[in-house]
Amino acid sequence: MSDPDARASDDGAGGGDDPDHRAFWADSVADEVEARDPTDPIVIKGGVSPSGIPHLGHFNEIMRGYYVASVLRERGHEVRQVFTSDDRDALRKVPRTLADADWNLVGLGDVDAGALGRNLGVPYTDIPDPFDDCDHDSYGEHFTALLAESADRIGVPVEMLSNTAMYEAGEFDDVVHHVLSHADRAREVLGQYQDGVDDGYVPFMAQCTECGRLTTDIRGVDLDARTVDYVCSGLEAGGQQIEGCGHEGTATFREGKLPWRFEWPAQWQVLGVDFEPFGKDHAEGSWPSGEDIAANVLGIEPPVPMTYEWFTLNGEPLSSSSGNVVTVDEVLELLEPEVLRYFFVRNPKKAKDFDLSRLNQLVDEFDRFERVYFGEVEDPTLEAFAERAYPFVVSEVREERVRIPYTFAAVLGMTDDPELREQMARNEGHLTDDTPEWAVEAALARVEKARAWAERMDNEYNYRLQTDLPETAFDSSVEAALDDLADFVAAGHTGEEIQGQMYELPEEYGVETGDFFNAGYRLFFDADSGPRLGEFLGELDQAFVVRRLRREG
């Protein structure tokens, strides 16, 4: 949200003056996929290693894939959107923060951190779930379940796949056999991208039957038996060596895995992947080698690629290890799913910041995007993009919908009284007698989310309107000024006019302006500060304000 005025055309497809420019970037990608004349179902893939908290950053791939899948389905294609949990990867370091089954973020002190430390080098699906009260069989399953739940909550139908399950079912057997049958060629290609690839390098990692760790120390390959002989010497991770137990054994192709640079293109072959989006880290590293391995080792065409820019969180990189993360569950407490989908519908090649403190700006952008679609706002730079992309962002296009401005929703959240909330919204004209009941309910649902945002940020909207009269004691001059203000409100003045009057009355009654405002805050919030009081009072029920200013209830 570092670009709050997201109206430039490059927030759509980002095509600039290109004659092939499309208003919506997903159409351009779908064109590339269709140009290859794929057979249905078209397969769109993403993936992640389940190393820690499933956070919002993981949804870059899921959402980019979702929009392309939606466009292709609209064009009549059958589409399979899959997301691999690379859960046969080894745990390389112990994360600082985890999420339990209820999305509570917890530190290592709340779990058996020692058990995690003892399982360095072990695949995620062979590490016990660190939370005893879960039904998950492993660390990897715990992570993957949370990710699947997040996708479901955003309304994205993704088929979650376990790499471990695919290996165990033999789905990788043939591609592993092919890679090891062409080991010389595999070494030659990989050597162009990775140091340490010598004549003894074998592109396979076996899992030790004794300690469960993965090892890269492969001493022999039996292609006919589809087995490898290994010594459990451990593996390198993050610049340090995770030691093995020294056991010597034999493992089948189903009891290990390909190294990542071979596994990624192997997934393309096994799953028949037609399109895969990925972050710029892969674009600069794994993609060039994967493309080369696909073409010159596996003999397949790599999928249509798309590189997306990462986004930052509150101005800093997302990082599970440092704890700078936000989960989908947390975000959906603060805004509607369609607003979150809007965040990802914008140009994937443009860097953005998801700033929780300025979440109101993102919601305002979405509301404007929606109004442009319905022709309620004119914006030539946004119209084509909104017309094309909006139907993919919402679950249903409904012109009668109502969006209460987010900051005003935060104001409404200062009271727990649902009737008062609705009356205030009607006073401001956001709801009318013609507003359908479903639209009233949906509009007011934003209030709780804005309230949660105010509490989380502890910002200027984090106050509670007191339904009962607080105990107060004011000077007679302050009470006289409050009574005068009550008469002014009763006369039907606007909030802006009330605000102005609150600056004039103190001088008339010989009261300090700060003391007068403090009296108002005490009466309505039982606090020493609050929102712009006059404007806020103008949004409340008039009879209630008059009674409160007169200290009558």
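Okay, let's start with the inside: of the 553 residues in this protein, 53% are buried. Keep in mind that what you see is a predicted model. By buried I mean under 20% relative accessible area.

So what is it built from? There are 22 helices and 18 strands. The C-alpha trace spans about 95 × 55 × 35 Å along its principal axes. And the chain folds back on itself: take contacts between residues at least 6 apart in sequence, and 71% of them join residues at least 24 apart.

Now, the nonpolar cores. The largest one has 115 residues, and Phe24, Tyr67, Leu340, Phe354, Phe524, Phe525 and Leu540 have the most contacts inside it. Which helix gives this core its largest share? That's H2, with nine residues. Apart from that core there's another one, of 38 residues, including Tyr201 and Trp287. As a general point, nonpolar side chains in soluble globular proteins tend to be buried together.

Let's stay with H2, which is residues 59–74. Is H2 enclosed or out in the open? Well, 14 of its 16 residues are buried, so the rest of the structure largely encloses it. Just after H2 comes Gly76, with a positive phi of about 100 degrees.

The accessible surface is about 23600 Å², and carbon and sulfur atoms account for 41% of that. On charge, I get 48 positive side chains and 113 negative ones, yet the centres of the two sets lie 2 Å apart.

Methods
Residues are numbered from 1 along each chain as its sequence is written. This is a predicted model: local features need pLDDT of at least 70, side-chain atom pairs count only at pLDDT 80 or more; totals for chains, interfaces and linings use all residues. Side-chain values use heavy atoms; hydrogens and water are left out. Helices (H or I, at least four residues) and strands (E, at least two) are DSSP runs, numbered from the N terminus. Buried means under 20% relative accessible area, exposed over 50%, partly exposed in between (1.4 Å probe, protein chains only). Contact means heavy atoms within 4.5 Å. Accessible areas come from the Shrake-Rupley method with a 1.4 Å probe; for residues, only the protein chains shown count as cover. Lys and Arg count as positive and Asp and Glu as negative; His and the chain ends are not counted. The place of a charge is taken as NZ of Lys, CZ of Arg, CG of Asp or CD of Glu. The expected span of a helix is 1.5 Å times one less than its number of residues. A nonpolar core is a set of buried Ala, Val, Leu, Ile, Met, Phe, Trp, Tyr and Cys residues joined through side-chain atoms within 4.5 Å.
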